[in-house]
Amino acid sequence: MKIDIIDIGFGNISSVKNWLDQLELEVTRVTHPENLTSEMCVLPGVGSAGPYMERLNASGFTEAIKYHVLKGRRLLGICLGFQILFEHSDEDGGTELLSILRGKVERIDGNQNHNGWENLDIAVNSFKFKGYWGRGSHSSKQFLRGRAFYNHEYAVLNNDQCDYSTRLSSNLRKYTGLLIKDNVAGAQFHPEKSQLFGINFIKGLL
Amino acid sequence: MRIGTSVLVHNGLAYQSYNWSIYRPLGNVQGVIDALDEYECDEIALIFPTRNDQSIASKTNDLDLVKNICSTSPMSIGGGIRSFDDIPYLRELPLERFIVSSAAVLNNWKLIEQLKYHFGPQAVQSILPVKYDREELYVFLCSTNKFIPLNKIDLNAIAELSNEVIIYDTNADGFMDRFKFNLISKLCLDPSKTIITGGVGPKCIKVAQKIGISACMIDNRTLHSENSINALKRHARLS
């Protein structure tokens with residue numbers, strides 16, 4: 001199985017590649033939009049929305065990502081890569097995002113930082129019914145349980161009908177931590193830095 | 001509350017320290033990281049001890065080593081991030097956060113803003129190595145290799161611009177349960193955005209949890225089973 005990692009110079013590409021390499025997949029760092037050809041791509045993101053979207057737009061990846069999704073190919077957004085799938089972010093004075101999903105991104109209530117670990121309990125049956133995710137190619141686990149690492153100041157307020165989603169945490173219930181809709185999945189946490197859970201997560205997701 | 005560890009990296013090897021001056025070798029960096037991954041360490045801070053005008057960009061061997069580290073734990077790096085010229089070297093590293101010391105103490109706000117621009121506001125931590133001397137508090141300025149009085153630094157700006165502030169009790173460095181919690185009140189820091197290190201042990205973990213500290217970084221002996229991350233997390237759970 002071939003996976004592309006979108007590399008626009010922002011994002012923890014090395015960590016994501018190391019994480020995916022553990023599954024012995026064919027992983028390619030894609031720096032030009034015309035090379036985005038795999039059935040599945042990962043959109044990592046570290047930084048803030050404004051500069052990230054500027055770079056994405058300037059590189060031509062904006063249209064390539066939208067085309068990739070339109071063609072029914074799978075996309076996994078991580079952290080800022082998850083946030084930019086929505087319509088608008090309040091970060092950097094207001095930033096227009098990809099609008100692949102409906103919703104917005106705002107500063108976490110009370111100007112909190114969400115730095116730390118949260119427990120997650122995901123039932124694979126909840127999202128595998130459409131055939132995009134949870135195909136069982138790398139894991140037959142029906143439940144993905146463990147803890148995931150978060151490090152962010154802005155969070156997603158989802159306004160889209162989705163196949164599966166989880167809350168950010170018990171204290172930050174109005175924000176979304178994980179979302180799956182058709183061929184698009186997004187995680188606010190960093191699965192590539194979530195130790196054993198992160199590895200089981202990607203195995204269960206594929 | 002997160003429980004992590006700090007590891008010094010110098011000339012390709014990992015160390016932990018005593019008293020801010022004596023280094024105890026731990027061995028191969030990847031080997032240490034593998035053990036900490038196995039212990040489910042909440043985060044790992046890799047510190048390049050940097051004195052005088054050295055910058056991180058000059059530590060090419062250590063940077064190459066870090067670039068090739070394979071870890072599934074959150075990691076940060078600090079030591080010698082001093083100018084805009086250092087930023088390109090940081091981009092290729094498999095890390096989530098960057099720790100500044102001299103830049104914070106010397107009011108280099110432009111550098112901190114640039115780090116936030118490239119890596120996000122959640123990615124920047126400031127570290128203040130502090131010591132008491134006759135009841136007065138001093139902060140270590142790595143770029144001059146000297147301690148300076150606390151009143152010479154703009155602590156409010158550091159707290160404002162950093163996602164979190166790390167207080168390193170250098171008097172207690174390497175010892176068990178000697179971290180001085182009155183440093184938090186003396187520095188008037190928000191505990192929920194403060195990380196403590198230097199003399200942190202099981203009793204400190206309990207106190208830190210009670211006052212709402214963001215994270216504890218264990219500075220020594222985390223590879224010993226009785227002082228391991230797992231043992232210390234048990235202390236936190238049972239408190």
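# Interface and cavities

Q: What is the count of salt bridges between chain B and chain A?
A: This is a predicted model, in which local features need pLDDT of at least 70, side-chain atom pairs count only at pLDDT 80 or more, and totals for chains, interfaces and linings use all residues. Residues are numbered from 1 along each chain as its sequence is written, chains are lettered from A and ligands numbered from 1 in the order written, and side-chain values use heavy atoms, without hydrogens and water. A salt bridge needs a side-chain nitrogen of Lys or Arg within 4 Å of a carboxyl oxygen of Asp or Glu. Between chain B and chain A the count is 2.

Q: Which side chain meets Arg147(A) in a salt bridge?
A: The N to O distance is 2.6 Å. The partner lies in chain B: Asp42(B).

Q: How many residue pairs are in polar contact across the interface of chain B and chain A?
A: A polar contact is a pair of N or O atoms within 3.5 Å; within protein, one must be able to donate a hydrogen and the other to accept it, and residues adjacent in sequence count only if both atoms are side-chain atoms. Both residues must be at pLDDT 80 or more. The rule finds 17 residue pairs.

Q: Which three residues supply 25% of the area that chain B buries against chain A?
A: Buried area is the accessible area (1.4 Å probe) that two parts lose on being put together, summed over both. Chain B and chain A bury about 2400 Å² between them, 43% of it on carbon and sulfur atoms. On the side of chain B, more comes from this trio than from any other three residues: Thr72(B), Glu96(B) and Gln122(B).

Q: How much space lies in the largest cavity?
A: On a 1 Å grid over the protein atoms alone, a cavity is a set of points where a 1.4 Å probe fits but cannot get out. Grid points are joined across faces, edges and corners, and a volume is the space filled by probe spheres set on the points. The whole structure has 5 cavities of 30 Å³ or more. The largest holds about 260 Å³.

Q: Which residues are the closest to the centre of the largest cavity?
A: Lining residues have an atom within 4 Å of a point. The lining has 23 residues. The closest to the centre are Trp20(B), Ile47(B), Phe48(B), Arg51(B) and Cys142(B).

Q: Which element gives the most to the lining of the second largest cavity?
A: This cavity has a volume of about 110 Å³ and is lined by 14 residues, Ile47(B) among them. Strands are DSSP runs (E, at least two residues), numbered from the N terminus. With 3 residues, the element is strand 1 of chain B.

Terms used
On a 1 Å grid over the protein atoms alone, a cavity is a set of points where a 1.4 Å probe fits but cannot get out, and a pocket is an open set with protein on both sides within 12 Å along at least five of seven lines; lining residues have an atom within 4 Å of a point. Helices (H or I, at least four residues) and strands (E, at least two) are DSSP runs, numbered from the N terminus.
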